[in-house]
Amino acid sequence: MAADIALFAGQAAVYIPLLKIDELQRANMIQELIPFQHLLPAFTLPSRESLTRFLNAYFDGVYLHMPFIHCASFDPAKHPLELVLAMMAAGAQYRYEHSKGRMLYYASKIIFQEKQRVKDRGILTTQQPSPITPITFPAYPVRSTITDDLRCLLNLAIYANWQQNVELVRDACDYQSLLVRLLRDTSLTEDNATSADVSCLDWQTWLQLEADRRAKLFGFAFLNLQSIAYNLPPIFLSDEINLRLPCTCDEWRTVDEAHWKQVRQGIHQEQSLFQDALFLLLSEESAAPVSPSRAIPSPTANLILIHGLLQRILLNRQAAMSPTMPEVNIFTNALSRWTSTWQLAPESSLDPLNPNGPIPFTSTALLGLAYTRLQLDLGPSRRLKSRDPTDIARGLLTSPDIQRSPHLLPALLHATHALSIPVNLGVEYVSRSHAFVWSIQHALCGLEFAVLVDKWLKCIGRSMEKQPLKEHEQRLLDWIRRVVEEGRSSIDDGAPLSEALDCDRLAFYVVKLWARIMRGNAQWPFVDVIGHSLELYANGAGLSGSHP
């Protein structure tokens, strides 16, 4: 195995192995490239130092937000070349080596597509044998399983989906149908009888089952994220998948059989099946969020569950102009139950620098997005697929206004809290160090939070003379003012605020702060596009003719 794993006396909260690609491994990778040389005439495999850097960057970056490959046991030699190249392409993004990332991405994509073409021809030949011309297929050094294909395609989609290049965005959307096909070609259901008892399993068998399960669940989560980003109808419904939810952080971090058995001694209940957990969240009769007979959902399980709830809300929104009050109440209660289960997980924290990783923090951003979508549907107005900040800003400026309502309070509280976190960390720090505390999900959520608070503040400004502020509105307004003042004071070139801010100016600065946080992201251009769009939206100059 090509991993030099440094084990410390105290187990690290997030276990990241130090992977090294040596010259022999690189030579083997070059050998694996030989069958594809005619398709990759200009491709040169980077140095072993670069490959090592990119692979470790993958586990430092992508993995922390989407842990569907087990890092402690990962051996590049045991996985198909196209999967390893796709991981390295995403890793190169986190090392700001974009040209190498693109080169690795295209190599992985071409190899993956060629292997899929050969597999499809093999299936077709088996179904319709030809007695005239026998077809031979190349023998690849490492055969890929359907789960490997799923992991590779998911990493390719992750890389392509958040670029600024429209061609790559088109690639990511084209991957949707194949990703769904691969998901449906696997087993998407489990039951308690076949999956609950792990006492008869060894660590390697258990780990393979858990890793396969996570690849499918994160495939669902990524497709759902695409639906949110581009206002696409969900192509893969939550009803189609009923796997056991991802295991605890401690189980997933185990490094060998002995370590796993030690951790398993403290596990008394297995994670629930996805459909059972989702049903309990949405059930009107569900009183307690977690009964003694059920396991507390792990942070990763909670992430999958909030995606399940979000998809239901999106479908409800697309089926009607706005959800009815009974529907809103059902979803609000479900989100409240989800919050209760999130709070029970010992790893859950609102700290973006949580040593257990960013997933609990990211989940709460998606929770805020769910509350926001119940009140304001910006999906049709954002035009994010265009990657044109001016077009995106115009769409946001023409989106519907909102009316004052106590039902807006949960969404507004989440939106304000989401801004307060980067402000408290330091706007300049967060804007220059997204790799440590931020993710694509936060950019998507931040866009909608900025517009929601902007619209609410402008609504308050228009109506407060005729309709005095209620106590909860005044408290929220005061909180937003404190967050804005702190945010402005933390910007190096921010002029001190000497005047009291009216609602319109406050709205302007809320959006400008979000824009500042997202501008200059050199890792994922998509985030910078959102930041630029928010700048144009805040200014309104040349777009709507208004300027606060």
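This is a predicted model: local features need pLDDT of at least 70, side-chain atom pairs count only at pLDDT 80 or more; totals for chains, interfaces and linings use all residues.
Local features here need pLDDT of at least 70, side-chain atom pairs count only at pLDDT 80 or more, and totals for chains, interfaces and linings use all residues. Residues are numbered from 1 along each chain as its sequence is written, and side-chain values use heavy atoms, with hydrogens and water left out.

**Exercise 1.** Determine how H13 and H14 are oriented to each other, and classify the residues in their contact.

*Solution.* Helices are DSSP runs (H or I, at least four residues), numbered from the N terminus. The axes of H13 (residues 299-319) and H14 (residues 325-344) come within 11 Å and cross at roughly 170°. Axes are lines fitted to C-alpha atoms, for helices over the stretch in contact, and angles run from 0 to 180 degrees between N-to-C directions. Angles over 145 degrees count as roughly antiparallel and those under 35 as roughly parallel; H13 and H14 are therefore roughly antiparallel. Their contact (heavy atoms within 4.5 Å) includes Leu-305 and Ile-313 of H13 and Phe-331 and Trp-338 of H14. By class, it has nine nonpolar, three polar and two charged residues. Here Ala, Val, Leu, Ile, Met, Phe, Trp, Tyr, Cys and Pro count as nonpolar, Asp, Glu, Lys and Arg as charged, and the others, Gly among them, as polar.

**Exercise 2.** Carry out the analysis for H21 and H24.

*Solution.* H21 and H24 (residues 525-539) pack at an angle of about 10°, with axes 9 Å apart. That makes H21 roughly parallel to H24. Among the contact residues are Leu-447 and Asp-454 of H21 and Ile-530 of H24. The classes are 11 nonpolar, no polar and two charged.

**Exercise 3.** Classify the lining residues of the second largest cavity.

*Solution.* A cavity is a set of points, on a 1 Å grid over the protein atoms alone, where a 1.4 Å probe fits but cannot get out; lining residues have an atom within 4 Å of a point. The lining includes His-65, Trp-162 and Gln-441, and divides into nine nonpolar, three polar and no charged residues.

Key:
Helices (H or I, at least four residues) and strands (E, at least two) are DSSP runs, numbered from the N terminus. Angles under 35 degrees count as roughly parallel, over 145 as roughly antiparallel, 65 to 115 as roughly perpendicular and the rest as oblique. On a 1 Å grid over the protein atoms alone, a cavity is a set of points where a 1.4 Å probe fits but cannot get out, and a pocket is an open set with protein on both sides within 12 Å along at least five of seven lines; lining residues have an atom within 4 Å of a point.
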